[in-house]
Amino acid sequence: MTAVNSVANASPRNRAVLLPAAPSLVVGQSAAAWLSADGEIETLTLAEAAKRARREPPMLVHGRAAARRLAIAPFAGLDLLELFAFVRPGKFCLPTPRGVATALGMARPEGLEDAALALGDAARALLAELATAPPDADATSIATRMSRGGWGWGEAVLAALTQRPASSSTPAGLAVWRRLLEWSESAPEPPPGNIAVEPAEARARLAELLGENSEARPQQADYADVVSQAFQPRETLRQPNAVLAEAGTGVGKTLGYIAPASLWAEKNEGVVWISTYTRNLQTQISGELDRLYPDAAMKSRRVVLRKGRENYLCLLNFEEAVAQLPLRPNDATALGLLARWLSVTQDGDIVSGGDFPGWLADVLGRGRTLGLTDRRGECIHSACPHYHKCFIEKSVRKARRARIVVANHALVMIQAALGGSDDGSLPNRYVFDEGHHVFDAADSAFSLALSGQETADLRRWILGVEAGGRGRARGLRRRLEDLIAGDERALEALTELLVAARALPGEGWQHRLGEDRPLHAAENFLAQVRRQTLARSPDREGAFGIETEARPALESLLPAAVELEAALARLARPFAAIARLLEDRLDDEAADLDTGTRLRIEAMIRSLTRRGDIQIGGWRRMLSDLAKPLPAEFVDWLSLERYDGLEHDVGMHRHWVDPTVPFIETVAKPAHGIVVTSATLTDGGGEVRGGDSDGAEQIAGWEVAEARTGARHLEKPAWRARVASPFDYPEQTRVFIVTDVRRDDQRQVAAAYRALFLAAGGGALGLFTAITRLRAVHERIAAPLEAAGLPLLAQHVDAMDTATLIDIFRAEENSCLLGTDAVRDGVDVPGRSLRLIVFDRVPWPRPDILHKARKTAFGGARYDDMLTRLRLRQAYGRLIRRATDTGVFVLLDSAFPTRLHAAFPPGVVPVRVGLAEAVERTTEFLRHTVAAETRSS
């Protein structure tokens, strides 16, 4: 048990609290601050700090991130973030000493030693807040269980809780599900009407949303006008009213499409689904909808954020984890903090934002947090004792009665591919924001992977946890048995299915493949895939994934494919038989089935269809095609996935050459209206085809938009609209191409990043096309930047998720961030927190097998140029988010061709300079713009 001292906080609003007698540790890039329990402060080397941390558990912020910087395994400690999550469940703070201090209203610490001194004050403030809060029997019960499990803060927290008045309620403790409210069923919603939204109405609604005192934005009104075309009545089956709308940054496209969408939903008593690619935009849209529904209760009824099932904590998984606590006492801290969060959460989303702090999963361990979601489709629906409190079911039902549903591209596409949501219905109006990602989202949603991980997951979904296995997976028998009880044919089919599933990879399959001793048909096929990949890939010794063409296949691969196809056929038959028998039961017992059982049977039929027809059926077609010429619409290849040199997965892959084909067929054509919008839909570098050059470039640019969104596959042409950004990019930005840095020399590249980041005084984003180069640059520049007072964050280096890193970067005006594609697409940082972007080299597409096929299909070298221009446009677009922003964009690649200049707005001319001049001009431009802002203010 951690020693605890009685310490009185200096603040008069706080009572005396018990603070653990522990040192405080803050870890920087090259040194650490150590404050002993006696109050002695020291600056240590990282090696010495690591020794002390393992010897004497310290108080710190984000223990896993500290351990990563110290280059040691996670160690015992008093993580202030755990205390914050207990005292303020469902609340967010930045996971840094400064972030915690700011959230508590304390002065922001400057430097490592100041931060170490602040940790104790923050802990006292939190404990005092706990001591003065209203009575809470559950908090005491939960803290007791956590303390028994070894939680370092346990004794101090219990001491604070004893200062509260006693609670008269019976505690639920970790059984927090007992206190959750149930949802109730309601009558089905009638189909929506077909009343049009006129352009003038859209403009009027937009003005209403903006308010009387808002600045005039004629571009935004024009945008709302054209988007209203998607909300006209459909005239012909499978010919939706489609709008492609490119709106430059600053136009205000979110409110621009909310205006006609909300009008249509109100006039027709229907629902409009707004789909995004990133969680950041989902949150932003939800915030904008406050203008439409300023009353929180009304907004809760009318607006729903829908996410995939795998985003929500499963209450049954949580209950089972609590039941296993006597056998796994180290899980007490994680389960206790989850219980605290469950008592306040609005939607139960533990993955993609909401009220669950993203850093908490990293602090507690992803297996103990995110592992409690329904990640493998193991839900037992109405047979679950928590069914009427289930967050997923509650979200689904709210969405049926909502007017606006904010979802993501992946969920929308998968839902459409499966024939509708959980009640079998599909919305008939969509808005796809971040429309430039439709192609990539469709590519993921409509692809197939016949791999070790996927087949092992299917076995686990069918059989559950087997002897010697780990986890809580519930097999198909448990999920089905009461639905087919007494049906001998169904029970026989289930037995046949359980036997057939043993042909799939079981526990230890990766080890067996590595030793070339596969078991059963699936492992044998995967072993031959691995053999062919290793034999033919040019980079077989690399640390990361390798791939090779599937054809021509090895002689040993074809019979293995035949054997596996036969095994999958034996698996598919009972899948189909059980689904048919369940459909018969729905028909035969229509008058007797209660609503819950009917819904559960329907959900099971959809689940069996998805696994049997779509997944297993797709695999069988892939295997059957292996001995034939490749169908023209697909790309097949074999891969061996590695991470840091360790084999992770092996398999055969199939993607559409043009994934917008299934997107249009399953999502767009069944709809009545669809809007696809983005700031970067078109390509300004299209080929000129005679006549007026400007007009020709516009035509070619729209051809790119129609190809990337699939609009060219629609029989009725889509409306096209381009609304220019109101920003003065030539005045607000500079673009430099550095010509004297060798991009293959990591020392030169790192030196360039260091010099440019220092010149900007922070607020810098470094983008990389490879993780290895990112890590190499980070290693070289972290210490000098820290010495200059510029914190450096890095994706794939810091033990934090990308969203958390971006949150810190946004809040710390002089911090710097290194990242790859996910950072480029997810950053929305207005103001001085982002004033410099440095790209390590031209972001050409990776020349893999899939890209090779698409390059052939979509125009050869012009396809490469188009993708690269779009990536550069996206990166450059991060720089200016509002009219007062200024910034510099630097590319460290002398081979940047002039044909890519069209990636930048008209009037923005890239200037080729040496590094020294780029540094000087960056300093001068940013200093000048800061001075201008100061004079203006």
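In this predicted model, strand β21, helix α32 and strand β22 come together as a right-handed β-α-β unit. The helix of this unit, α32, covers residues 802–811, while β21 runs over residues 792–794 and β22 over residues 816–819.

Strand β22 has partners to pair with. With β21, the pairing is parallel and is made over 3 bridges; here L793 sits opposite L817 of β22. Strand β20, residues 764–767, also pairs with β22 in the parallel sense, this time over 4 bridges, and L767 faces G819 across that pairing.

As for the side chains and faces of β22, C816 and L818 point one way from the strand, and L817 and G819 point the other way. Whichever way they point, all of these residues are buried. So much for the strands.

Elsewhere in the chain, a pair of helices deserves a look. Two packed helices are described by the angle between their axes and the distance between the axes. For helix α8 (residues 199–210) and helix α10 (residues 253–268), the axes come within 8 Å and cross at roughly 110°. The crossing of α8 past α10 is right-handed. On the α8 side, the contact is made by E201, A202, R205, L206, L209 and L210. The α10 side brings in L255, G256, I258, A259, P260, S262, L263, E266 and K267.

How values were computed
Residues numbered from 1 in each chain as written. Predicted model: local features only at pLDDT ≥ 70, side-chain atom pairs only at ≥ 80, totals over all residues. Heavy atoms only, no water. Buried < 20%, exposed > 50% of the residue type's maximum accessible area, 1.4 Å probe, protein only. Helix = DSSP H or I, 4+ residues; strand = E, 2+ residues; numbered from the N terminus. Pairing = 2+ DSSP bridges. Right-handed = clockwise from strand over helix to strand, strands pointing away. Axes fitted to C-alpha atoms, helices over the stretch in contact; angles between N-to-C directions. Left-handed = near helix turned anticlockwise from the far one by under 90°. Contact = heavy atoms within 4.5 Å.
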